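Me: I should like to learn how to read the features of a protein structure. Could you guide me through an example?

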Protein chains: 2
Amino acid sequence: MSKCECKLDVDLGERSYPIYIGAGIYADADYYREHVGGSQVMIVTNETIAPLYLDETAEALSGYEVKSCVLPDGEEYKTLDVLNRIYTALLKGRFSRRSTLIALGGGVIGDMTGFAAATYQRGVDFIQVPTTLLSQVDSSVGGKTGVNHLMGKNMIGAFYQPRLVLADTSTLNTLDDRQLSSGLAEVIKYGLIIDAEFFTWLEKNMDALLARDPVALAYAIQRSCRCKADVVEADEKESGQRALLNLGHTFGHAIETGMGYGEWLHGEAVATGMCMAADMSRRQGWLSAQSCDRIYRLIEQARLPIVPPKALTSERFIELMAVDKKVVDGRLRLVLLKEIGSSLVTDEFEMHNLTETLSQYGS
Amino acid sequence: MSKCECKLDVDLGERSYPIYIGAGIYADADYYREHVGGSQVMIVTNETIAPLYLDETAEALSGYEVKSCVLPDGEEYKTLDVLNRIYTALLKGRFSRRSTLIALGGGVIGDMTGFAAATYQRGVDFIQVPTTLLSQVDSSVGGKTGVNHLMGKNMIGAFYQPRLVLADTSTLNTLDDRQLSSGLAEVIKYGLIIDAEFFTWLEKNMDALLARDPVALAYAIQRSCRCKADVVEADEKESGQRALLNLGHTFGHAIETGMGYGEWLHGEAVATGMCMAADMSRRQGWLSAQSCDRIYRLIEQARLPIVPPKALTSERFIELMAVDKKVVDGRLRLVLLKEIGSSLVTDEFEMHNLTETLSQYGS
C-alpha cells in the first residue's frame with residue numbers, strides 16, 4: 001500500500017472503519033481485499049464517472065464476481081425511482097445478503113449507494129470511493145445515506161456506515177473548478193466550527209488547493225475528515241453536537257430548494273449560508289466584524305459566492321427554512337459562531353437579527 | 001391500564017420496548033402517553049381497518065397533532081411507490097424528525113410504516129398496533145420492516161424497533177377465519193422451533209383459539225412473542241440463531257412467489273412449508289414419523305393446508321428457493337427439526353432428501 005499518503009480510523013465501536021487518502025489507491029486491489037466479505041461486488045457509479053474510473057476499479061476487484069450499475073449523473077436523479085434501479089440490478093444479478101456495494105462517484109452516488117446497501121435485504125456491506133472533494137470530506141464520515149423527495153432534500157434515508165473509504169486525490173484532476181470550490185466550502189466549514197488553526201492553514205494554502213497540489217489536498221482531506229470524525233464519534237445519531245456540521249446548511253438548503261436542485265451547487269449554497277450565519281452571529285454580538293471579514297475573504301478566495309441569489313426574498317427564506325430537518329417542534333434551530341473555530345447550535349437568538357440578515361440581501 | 005391482560009418486555013438494550021396484550025387497549029390514551037415523544041402523530045392504516053378502528057385510535061391521541069394516511073389494503077401495495085405516499089403525507093403535514101408514526105393494521109401496514117419510520121428524515125419514532133393475529137405474534141417482535149420488490153418479497157427494508165406495541169385481542173373479532181388460521185401457523189411455529197410444552201398446549205387449546213376465546217388468544221400471543229423475543233434478543237441482526245424463525249419460510253416464500261403474492265396467505269404458505277420441513281427432517285432421520293404426524297394433525301386442526309399447490313413442480317421450487325435471502329454464497333440453508341421444540345439451521349443435508357420432499361407433491 002505504498003501509494004497511500006495517510007490513513008484515518010473512524011472509531012464507532014463495532015462499526016469502525018478506515019479512510020485511506022492518497023493518489024491512485026482506488027485501482028489497487030490490496031485496499032479492497034480485506035474489506036470485501038462475500039464473493040459478489042456491485043459497483044454503482046454514474047455516466048460521467050464510469051468512462052473515467054469504472055474499468056480500473058473493476059480490474060482491482062478481478063477476484064470477485066463483479067457487476068456494475070451505471071446511473072444518470074445529477075442531483076435530480078437522487079430519487080426513490082432511480083434507487084430502485086440499484087435494487088433491480090442486485091436482484092437480477094442474484095446478489096445475496098453477503099454482497100458488497102461500492103459507491104464510485106460523488107455525493108449523490110455515495111448517498112444512494114449507501115442507502116441501497118442499508119436497505120437491500122435489510123443491509124449489506126458498503127465501500128465508498130468518493131471522486132469529488134465534497135464527497136471525500138463530507139460523505140466519507142458520518143454514515144448519512146438517502147435520497148431526495150420532491151418536497152425536500154434528503155428527506156428519506158438512514159444512518160449506515162461503510163466498511164472502508166478510499167479518498168483518491170488523483171480523481172480530483174478530472175473535477176471541474178466549480179466542483180472543486182464547492183468541496184472547499186465544506187473544508188472551510190470544519191475550520192469554522194471547531195478548528196481555528198486549520199482555518200489559518202487554509203488562509204495560507206488556499207492557492208495550493210485551487211492548483212490541486214496533491215500534498216495540500218491530502219492534508220486538507222485528512223484534517224477535514226478528522227474534524228468530522230471527532231464530532232460524529234461523540235454523537236453518531238445527531239441528537240446534539242453533530243448538528244454543528246450543519247453550519248451554513250439551513251440557509252444553504254433554503255437556497256438550493258428555492259432555486260431548484262442543481263442551479264446552485266451544494267457547496268456554493270453552504271458557502272453563502274456560512275456567510276449568512278457569520279453575519280447573524282455578528283449581529284448577535286458574538287463574532288467580531290474582523291473575524292466576519294476573514295470568513296468572507298477566505299470564502300471569496302476559494303471562488304465561492306458570499307451573497308444569496310436576489311430572487312430569494314426574506315419571506316421565501318423563512319418559508320423554506322421552516323421545513324428544514326433542523327426544526328424541532330416548531331422552533332427554528334441554527335448553527336452560529338462564537339468565534340472562528342467555535343460554534344453552537346441554538347434556538348435562542350434574536351428574531352430581528354435573523355430577519356435583518358435575510359433582508360439585507362433580498363430584492 | 002386495567003384492561004391489560006399482560007405485558008411483555010423485549011430487552012434490546014437502549015432499544016427495549018414493551019408489548020401490552022389485552023382487549024380494548026388500542027383505544028386507551030394511557031398506553032400512548034409515555035411513548036409519544038414529540039407533538040406530531042401520523043396514524044398509517046388501510047381502507048379495511050380505517051372504518052373499524054381509526055376514529056377511536058385518533059381519539060385516544062387527542063392531545064397531539066394527529067393526522068392519518070390511509071393506504072389501499074393488500075400485499076400487492078407493499079411497494080416503494082405506496083411507501084412514498086407515507087413520505088408525502090408526512091412532508092405535506094410538515095412532520096419533523098421528532099414525529100411518531102403509528103402502524104394500525106396487519107403485517108403489511110406494520111412493515112411499511114416501520115420502514116417509513118426508519119427512513120423518514122433518517123429515523124423517527126414508531127408504535128405498532130397490530131390488528132391481525134399474524135402481525136401480533138410475528139411483526140410485534142424482531143424489528144423487521146420493509147417493502148417488496150417486483151422480483152422478490154421483502155427485498156428492501158431495515159431493522160427498526162418500535163417504541164411500543166399494543167396487541168389488542170378485540171381487533172381479532174373482525175378478522176376472517178382464513179386470516180385467523182394464517183396467524184395460527186406462526187403460533188404453531190414457535191412451539192415447533194423452541195417450545196415443545198407450548199406445542200402440547202396448542203394441541204389441547206386449538207379449538208378455543210379458533211373460537212376466539214380472548215383468554216386463550218392472549219396467552220398464545222404472549223407465549224409466541226416471548227418465544228420470538230428469546231430468539232431475537234440473542235441475535236438481533238439474524239446472523240445465526242435468529243434464522244430458526246424462518247422454519248417453513250423458505251418453502252413458504254417459494255409458494256407465495258410462485259403462485260403470485262396474495263393467492264396463498266403468508267401463514268398458509270408457512271404452514272405447508274413447515275410440513276415440508278418436517279417431512280424432510282424425517283427423511284434425514286432426525287424427526288420420528290409419529291412427531292411428523294402430530295405436526296400435520298395440529299396444522300390441519302388449525303384449518304391450514306399441509307400440501308403445496310400442484311402447480312409448483314420440484315424444479316420450480318428449487319429455482320424459487322435459490323433467490324431466497326437465506327442463500328449464503330450459493331449454498332441453500334434450511335431450518336429443519338431435530339424434534340418438536342428443537343430445530344437447527346443447516347446447509348448440511350442430503351440433497352436427495354430435499355428433492356424427494358419436493359417431488360412427492362409435484363404434478
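This is a predicted model: local features need pLDDT of at least 70, side-chain atom pairs count only at pLDDT 80 or more; totals for chains, interfaces and linings use all residues.

Me: Let us begin with the whole chain. How many helices and strands are there in chain A?

Reply: Chain A holds 13 helices and 11 strands. Its radius of gyration is 20 Å, close to the 21 Å that the globule rule gives for 363 residues, so chain A is as compact as a globular protein of that length. Along the principal axes, the C-alpha atoms of chain A fill a box of roughly 60 × 40 × 35 Å.

Me: What percentage of the residues in chain A are buried?

Reply: To judge burial, one counts neighbours: a residue is buried if 20 or more other C-beta atoms lie within 10 Å of its own. In chain A, buried residues make up 51% of the 363 residues. Of the contacts in chain A between residues at least 6 apart in sequence, 73% join residues at least 24 apart.

Me: Which residues have the most contacts inside the largest nonpolar core?

Reply: The largest nonpolar core has 220 residues, and those with the most contacts inside it are A:Val44, A:Met274 and A:Ala277, together with B:Val44, B:Met274 and B:Ala277. Let us take A:Ala277 as a case. Apart from its neighbours within four places in sequence, A:Ala277 is in contact with A:Leu247, A:Gly248 and A:Phe251, and also with A:Leu334, A:Val335, A:Leu336 and A:Leu337.

Me: Now I should like to read a helix. What length is expected of H10(A), and what does it reach?

Reply: H10(A) has 18 residues and reaches 26 Å from its first C-alpha to its last, close to the 26 Å expected. H10(A) is also mostly covered, with 17 of its 18 residues buried. After H10(A) comes A:Gly285, with a positive phi near 85°.

Me: Which residues of H11(A) are buried, and where do they lie around the axis?

Reply: The buried residues of H11(A) are A:Ser291, A:Ile295, A:Leu298 and A:Ile299. They cover an arc of only 100° around the axis, which puts them on the same side of H11(A). The face turned away from that buried side carries the exposed residues A:Ala289, A:Gln290 and A:Asp293. The buried residues of H11(A) have a cover that includes helices H6, H7 and H10 and strand E10 of chain A. As for length, the 13 residues of H11(A) should span 18 Å, and the end C-alpha atoms are 18 Å apart, which agrees. H11(A) is followed by A:Arg303, whose phi is positive, near 65°.

Me: Is A:Asp138 buried or exposed?

Reply: A:Asp138 is buried, with 28 other C-beta atoms within 10 Å. A:Asp138 lies in the loop between H5 and E7 of chain A. Leaving aside its neighbours within four places in sequence, A:Asp138 is in contact with A:Gly107 and A:Glu186. A:Asp138 and A:Ile221 are 83 residues apart in sequence, yet their C-alpha atoms are 9.3 Å apart in space.

Me: Finally, how many residues does each chain give to the contact between chain A and chain B?

Reply: The size of an interface is often given as the accessible area lost when the parts come together. Here we count residues instead: the contact takes 31 residues from chain A and 31 residues from chain B. On the side of chain A that touches chain B, the elements giving two or more residues are helices H3 and H4 and strands E7 and E8. E8(A) gives the most, with 6 residues. By kind, the residues on this side of chain A divide into 13 nonpolar, 11 polar and 7 charged.

Terms used. Residues are numbered from 1 along each chain as its sequence is written. Chains are lettered from A and ligands numbered from 1 in the order in which they are written. Helices (H or I, at least four residues) and strands (E, at least two) are DSSP runs, numbered from the N terminus. The expected span of a helix is 1.5 Å times one less than its number of residues. A residue is buried if 20 or more other C-beta atoms lie within 10 Å of its own, exposed if 12 or fewer, and partly exposed in between; C-beta atoms are placed from the backbone. The arc is that of the directions from the helix axis to the C-beta atoms. Two residues are in contact if their C-beta atoms, placed from the backbone, lie within 7 Å. Ala, Val, Leu, Ile, Met, Phe, Trp, Tyr, Cys and Pro count as nonpolar, Asp, Glu, Lys and Arg as charged, and the others, Gly among them, as polar. The radius of gyration is taken over C-alpha atoms; the globule rule is 2.2 Å times the number of residues to the power 0.38. A nonpolar core is a set of buried Ala, Val, Leu, Ile, Met, Phe, Trp, Tyr and Cys residues joined through C-beta atoms within 7 Å.
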